[in-house]
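Hi everyone, thanks for having me. Let me put the structure up, and then we'll walk through it together.

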There are 2 protein chains.
Amino acid sequence: METNTESIVEALGALAQENRLTLFRMLIQAGNAGLAAGAIAQALGIPNSSLSFHLAHLTRAGLIRQRRDGRSLIYTADYEAMNALVGFLMENCCGGAACAPEAPCGEDAAQPQRKVSA
Amino acid sequence: METNTESIVEALGALAQENRLTLFRMLIQAGNAGLAAGAIAQALGIPNSSLSFHLAHLTRAGLIRQRRDGRSLIYTADYEAMNALVGFLMENCCGGAACAPEAPCGEDAAQPQRKVSA
DNA sequence: TGTTCGTTTCCATAAGTCTCGAAATATGCG
DNA sequence: CGCATATTTCGAGACTTATGGAAACGAACA
């Protein structure tokens, strides 16, 4: 994700919706394994068409990614994008003074169930 | 700011707009001194009525505060709210594993121009 | 190849947001 | 009190977003 104002606005907008925020957090917690669209729709209790709309929205914002596994499309969170977003907000905190770490959750953090090490 | 999903969605939505994101960052950098509505409108190059709409939006989301100084209304960023927002996003990063500090920018950070002390 | 399953696209509708001029509302000054 | 200044509220128009049913699409399995 680029860190210009426009793309940040898009990312914030993508997360500023009940279903999408919940969905994104599900993916964050699901790690690299990700979740199939159908499973997400069921978990959220919304029709597939509605889910597809939200998935497209998050994808357009660069926050999630798509991969195919058999008949299913698996969605995963883009950890880099989330870090960039948080980084942007922190970067401008406190008048630019260094008061925050840069990337608390690195790329490697995409395997949430174990301690970050590799 | 409370950290339930609903209020987070509201905060994200408040920031998911070009003018408001810029405005919020201006206030973040302005520190406790804050900025008068008129000065903000001029800086953003938008009519007062439009600005007022955005200020109300950010206020409703709990991200900024209002104080009167003579004829002017001074707006300031709510650092606690921003920390809560970022904290919420980080909290759910990496499947809940501890990978982020809790409040990088403390309450005391509200005087950005000088070293945090009080 | 035909069928099934998972997902997306299309469509319409309902609801919300952004914008800004004009009028209304406060505050302060003389 | 009356006038000037600072900001908000009101109202209307254009635009965007959310929702879900029905149909289309694509991949895989037999």
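**From the core to the DNA**

Okay, let's start on the inside: the largest nonpolar core has 64 residues, and the members touching the most others are A:Leu63 and B:Leu63. Keep in mind that this is a predicted model.

So who does B:Leu63 meet, once we skip neighbours within four places in sequence? On that list are B:Ala11, B:Ala14, B:Leu15, B:Phe24 and B:Leu58, and then B:Thr76, B:Ala77, B:Asp78 and B:Ala81.

Now over to the DNA. How many residues surround DNA strand D? There are 24, and the closest are A:Arg20, A:Ser49, A:His54, B:Gly38 and B:Tyr75. If you sort that surface by class, you get 13 polar, 7 nonpolar and 4 charged residues.

Which elements do they come from? Chain A brings α2 (18-30) and α4 (48-60), while chain B brings α3 (37-44), α4 (48-60) and β3 (72-77), with at least two residues from each. The top contributor is α4(A), with 5 residues.

A:Ser50 has a polar side-chain atom 3.1 Å from a phosphate oxygen of DNA strand D. For B:Arg71, the partner is a sugar or linking oxygen of DNA strand D, 3.3 Å from a polar side-chain atom.

That's my tour, thanks!

Technical notes
Residues are numbered from 1 along each chain as its sequence is written. Chains are lettered from A and ligands numbered from 1 in the order in which they are written. This is a predicted model: local features need pLDDT of at least 70, side-chain atom pairs count only at pLDDT 80 or more; totals for chains, interfaces and linings use all residues. Side-chain values use heavy atoms; hydrogens and water are left out. A residue is near a molecule or strand if one of its heavy atoms lies within 4 Å of it. A polar contact is a pair of N or O atoms within 3.5 Å; within protein, one must be able to donate a hydrogen and the other to accept it, and residues adjacent in sequence count only if both atoms are side-chain atoms. Helices (H or I, at least four residues) and strands (E, at least two) are DSSP runs, numbered from the N terminus. Ala, Val, Leu, Ile, Met, Phe, Trp, Tyr, Cys and Pro count as nonpolar, Asp, Glu, Lys and Arg as charged, and the others, Gly among them, as polar. A nonpolar core is a set of buried Ala, Val, Leu, Ile, Met, Phe, Trp, Tyr and Cys residues joined through side-chain atoms within 4.5 Å. Buried means under 20% relative accessible area, exposed over 50%, partly exposed in between (1.4 Å probe, protein chains only). Contact means heavy atoms within 4.5 Å.
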